[in-house]
Structures are given as C-alpha cells and as structure tokens.
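Colleague: I would like to learn how to read strands, helix packing and a ligand shell in a model of this kind. Could we go through them one at a time?

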Amino acid sequence: MTQRFVVIGAGVAGLAAARALKLGAPSAEVVLLERSERIGGLVLTERTPDGFLLEHGPDSLLEGKPAGMRAIAETGISDEVVSAPAGVRKSFVAREGRLYPLPPGLISGRASATAMMTAPLFTMAGRARMAMEPFMPQREGTDDESVASFFERRFGQEMVDRLIEPVFRGVYTTPTTKLSVRAVMPHLAMLEQKYGSLARAMASRASLSGSDSPAAPTVVTLRSGMGALPTALARALEGSIRLGVTATRLRRTPSGLTISLGEHGELEANGVVVATPAPAAARLLADLDPAVADSLGAIGVGRLDTVTFGFWRKDLDHPLEGTGFVVDANEKCALTACTWSSSKWVGRAPDDSALIRCFLAAPGATDEELVASARDDLRALMGIPLAIKPRFTRVWRLSQSLPRYEVGYMERAAETLERVAQLPDVAVAGNAYNGMGVPDCIASGLAAAARLLGTTEPAPPPAH
Ligand SMILES: Cc1cc2nc3c(=O)[nH]c(=O)nc-3n(C[C@H](O)[C@H](O)[C@H](O)COP(=O)(O)OP(=O)(O)OC[C@H]3O[C@@H](n4cnc5c(N)ncnc54)[C@H](O)[C@@H]3O)c2cc1C
C-alpha cells in the first residue's frame with residue numbers, strides 16, 4: 001500500500017509541511033485537509049477592483065529569519081520581495097490625543113541611547129531613570145518573567161507605561177504584565193545575562209559596528225501581497241489539497257492512524273502533521289495523548305479584529321508620514337494600533353487614495369460598532385472627520401487564532417513538543433510552538449515534515 005501522509009490545516013505551517021512531505025517522499029501520497037474554503041489561514045490578501053491591495057493578516061516578514069526567505073526562493077517568487085520605501089520607518093505612540101514618535105530600533109533591541117534619551121515621549125524623571133539602567137542589578141537566575149517586569153527592572157515604570165505596553169499590546173494580544181519575555185524577546189534577556197546591562201550590550205555592539213545605531217532587522221513584503229506565499233507553496237501540492245474538510249478526531253488503529261472527517265468519512269494515514277491553532281490541535285490529539293491535549297488546551301488564545309478603510313487622499317489633512325501608530329493603554333480608545341498601509345508599502349492604494357488599517361480590542365462589538373469605534377478613534381487621533389466617507393470599509397475578525405505567549409510559555413511549548421516527539425507518527429506545527437511570525441511557522445512545518453520523514457534537516461529544496 002502507498003504510504004500516506006496527512007497534514008491538517010492549510011496555513012503557512014501546514015502548507016510548508018505538506019510541500020516538504022511531497023517533495024521529500026515523492027512516492028507517498030500527501031493529503032492536506034483545510035476546514036475553510038481557501039488556503040493560507042491567517043495569511044489573506046485581497047485586491048479590490050479599484051486598485052487597493054489589502055492585507056487582512058500579516059503584511060510583512062522578517063528577512064533575518066531564514067525559513068521565510070528560503071521558502072520564497074525555493075518557490076520561485078524572490079522577484080516579489082520588496083522592502084519598505086526609504087524614509088518611512090517612523091512610527092508613533094498615541095498618548096493624550098497626540099502622536100509621539102517612537103524611538104527607532106526599540107523592538108529589535110537596537111535603539112540607540114541617543115534616540116531613547118531624546119524621545120519626546122518621556123519626562124525628565126523618566127529619562128533619568130532610564131539613564132540608570134547600567135547600574136541596575138542583574139537578575140539572578142534565568143527563569144522567565146513578564147515583559148513589563150523585565151523593562152521595569154531595567155528602565156523604570158514610565159518606559160513600560162508609555163512605550164512597552166502600547167507597542168506590545170499592538171502586536172500580541174496579551175498585557176505585558178503577563179507576556180513572556182523569553183517568548184517574545186529572548187535576545188534581550190540573553191543580553192542582560194551576558195553584559196549585565198542592555199545599555200552596555202548596545203555600547204559594545206555599537207563599538208563593534210562603529211555606529212551608535214546599528215541597522216535594524218529588515219522587514220520585507222511581497223509585491224502582490226503576502227497571499228503570494230501560500231499560493232506559491234501550494235504549487236507543489238496539486239491534487240493534494242482538500243478544502244472545506246474539518247478533521248474532528250485522530251485515533252490509533254491497528255493499521256496506523258485514522259482521521260475522522262465528519263460528513264466526509266474517515267482517512268487512514270501512516271503519518272499526520274497537526275498544523276491547526278492550539279485549541280483545535282488539543283481536540284484532535286485528545287485520544288492519542290490526553291496530556292498533550294491538556295497542555296495545548298491550556299494555551300490561551302487571543303482575538304484580534306481589524307477594520308480597513310480606503311479614503312480619497314484629498315479628504316485627509318494628515319501627512320501619513322510613517323508606518324502608523326500604537327496606542328497607549330490609558331487612552332480611551334478601542335484602537336490598539338493603526339497601520340498607514342499605503343505609506344508603509346508601495347502599491348497598496350492608487351495614488352489619489354490612502355489605505356488605513358485599524359487593530360481593535362472590542363470584545364463583543366458588532367461589525368457596525370467596530371467600524372464606528374475605529375472612526376471615532378481616527379477622528380480623535382488623526383483628525384479624520386466622521387463626515388468624510390471612506391471609499392470602502394472592510395472588517396476582519398480573528399478569534400482563537402493567535403496564542404497568548406504568557407510567562408512560562410516556552411517551557412510548556414517545549415514540554416508539549418517533547419511529548420509529541422514520543423508519538424512516532426504524529427508531529428505538530430504552527431504558531432503555538434516556536435514563534436508566531438510567518439518564518440517561524442514555516443520553520444515549524446518543515447521540522448514536522450522532517451520528523452515524519454525521519455530526516456534531521458528539512459526536505460531538500462527542489463526546483464519550483
Ligand atoms: C492581523 C495579523 C497580523 C499579523 N502580522 C504578521 C506580520 O506582519 N508578520 C509575521 O511574520 N506574522 C504576522 N502575523 C502572525 C502570522 O500571520 C501567523 O502566526 C501565521 O500566519 C500562522 O500560521 P499557521 O499556519 O500556524 O496557522 P493559521 O494561519 O491559523 O492556519 C491554521 C489553519 O488550520 C485550519 N484548521 C483549523 N482547524 C482545522 C481542522 N480541525 N481541520 C482542518 N483545518 C483546520 C484553519 O482554517 C487554518 O487555515 C500576524 C497575524 C495576524 C492575525
């Protein structure tokens with residue numbers, strides 16, 4: 001009988017896994033099951049008839065994480081890669097109704113001391129406390145701690161309140177008092193361990209590079225949108241993808257594994273990659289290993305709603321110079337972040353128009369309420385009058401998709417992976433394990449495929 005591998009979930013992790021299985025075991029049958037009617041999962045690009053290009057999920061990826069760029073190269077879409085236009089990397093924090101520029105390079109841990117100490121966002125007292133960072137004691141031990149606790153120890157509470165909380169709440173769906181520093185900024189925790197102080201670490205790096213402000217990691221996108229990546233990954237999977245099919249249960253049988261597909265019957269497999277979000281993975285793995293299911297079930301999942309507006313450029317007085325802003329948690333706003341997509345990337349809107357994407361935290365709100373909140377907040381923070389009619393509005397709601405990286409998360413994820421590794425014919429992949437970024441998810445898909453194929457390296461790169 002032909003060997004059959006089944007991958008559950010056609011997000012970037014599942015697509016990368018299925019592709020690697022197909023190319024690594026050409027004689028085997030590979031089936032990729034996807035609950036929805038399209039591939040890509042959280043990656044979703046929309047092109048409107050009047051020339052806008054909208055990203056409802058990720059709009060970029062980090063060039064420095066090799067799995068993403070390798071997948072792009074191997075699937076033959078390197079000519080799609082574009083960097084941000086020069087000079088628009090500026091972003092802001094909304095606080096007390098004003099937009100303050102963010103010190104450049106902060107998130108990457110590469111902000112220069114000068115940029116931090118001159119940022120208008122901070123008071124004199126706040127700056128004085130930040131300047132004390134080299135003299136703050138190094139933390140004993142290497143246990144995980146919250147992002148808020150890490151920055152409070154090193155730089156003081158003002159930095160947490162005015163910068164760290166707004167920035168992280170705009171990216172992760174978890175307050176920084178719960179967010180794990182080891183999960184989201186392991187490099188900073190390591191720098192503290194190595195140099196005793198982040199300022200000393202920066203100074204040491206700067207003296208090596210000869211600059212006060214080493215280059216930030218490059219973020220790139222794809223010209224025709226991030227959706228080009230799942231499409232390219234799927235090219236090797238012709239005839240293998242089954243859309244509109246939900247896997248409900250995975251159980252062991254004398255002949256291998258059996259996957260229940262509800263009204264679509266059952267499917268037998270010699271190996272399975274579960275590449276769904278954590279809650280679905282917990283349900284699927286409950287029969288095979290209840291402990292794995294419990295630990296996956298304990299991963300909190302966040303929700304994230306976005307509202308995107310296309311405006312006529314002439315209707316907006318705002319210069320839109322930069323990539324957008326994040327919002328201080330004390331601001332009376334539903335908005336947590338806002339991307340000026342047509343400034344951030346070239347080709348996202350016609351020249352006479354602007355594309356603005358709002359991220360909101362408004363649990364229980366209807367679509368109409370979300371749009372109304374976003375408009376209120378854009379009026380308050382960017383001066384866009386409610387009377388201005390957008391060319392179009394799109395609401396995109398995401399729940400149960402993004403894991404909450406709470407303190408201790410990495411240990412739990414490692415334990416889960418260790419337990420799954422005891423199952424000879426099952427692997428897991430996706431954003432619940434080793435990072436949320438698109439390249440991390442691709443890497444986890446490749447690792448899952450390699451495990452089922454019994455190779456240590458991801459399957460060899462083929463021609464496109
Ligand atoms: C708004 C937003 C912006 C983001 N921005 C960025 C960014 O700029 N850069 C970046 O690198 N990352 C970004 N991310 C994160 C990144 O997009 C995701 O972490 C990544 O795409 C997740 O991929 P995945 O394959 O693990 O999961 P998913 O994309 O969630 O795919 C899982 C798939 O499994 C399917 N599925 C679920 N249950 C079943 C079942 N029982 N049977 C069959 N199929 C099932 C789902 O329908 C889905 O298609 C962003 C995320 C969001 C939401």
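Colleague: Let us begin with a strand pair: which residue in β12 does Thr253 stand opposite?

Modeller: Strands of a sheet pair through backbone hydrogen bonds, either parallel or antiparallel. In this predicted model, Thr253 stands opposite Gly256 in β12, and the strands β11 and β12 (residues 256-260) run antiparallel, joined by five bridges.

Colleague: What is the order of the strands in the open sheet?

Modeller: The order is β11-β12-β13, three strands with antiparallel pairing, in which β11 (249-253) and β13 (266-269) are the edge strands, each pairing on one side only. From one strand to the next, the twist averages 25°.

Colleague: How should I read helix packing, and at what angle do the axes of α1 and α16 cross?

Modeller: Two packed helices are described by the angle between their axes and the distance between the axes. Here the axes of α1 and α16 cross at roughly 35° and come within 7 Å, and the crossing is right-handed. Among the residues making the contact are Ala13, Ala17 and Leu21 of α1, with Ile442, Gly445 and Ala449 of α16; by class, the contact has 14 nonpolar, four polar and no charged residues.

Colleague: Turning to the ligand, how many residues surround it, and which are the closest?

Modeller: The ligand is surrounded by 36 residues, of which Gly9, Gly11, Gly41, Pro58 and Gly430 are the closest. By class, this shell has 19 nonpolar, 14 polar and three charged residues. Elements that each supply at least two of its residues include α1 (12-24) and α16 (438-453), while domain 1 and domain 2 each contribute at least three.

Conventions. Residues numbered from 1 in each chain as written. Predicted model: local features only at pLDDT ≥ 70, side-chain atom pairs only at ≥ 80, totals over all residues. Near = placed C-beta within 6 Å. Helix = DSSP H or I, 4+ residues; strand = E, 2+ residues; numbered from the N terminus. Nonpolar A, V, L, I, M, F, W, Y, C, P; charged D, E, K, R; others polar. Domains from an automatic or database assignment. Axes fitted to C-alpha atoms, helices over the stretch in contact; angles between N-to-C directions. Left-handed = near helix turned anticlockwise from the far one by under 90°. Contact = placed C-beta atoms within 7 Å. Pairing = 2+ DSSP bridges.
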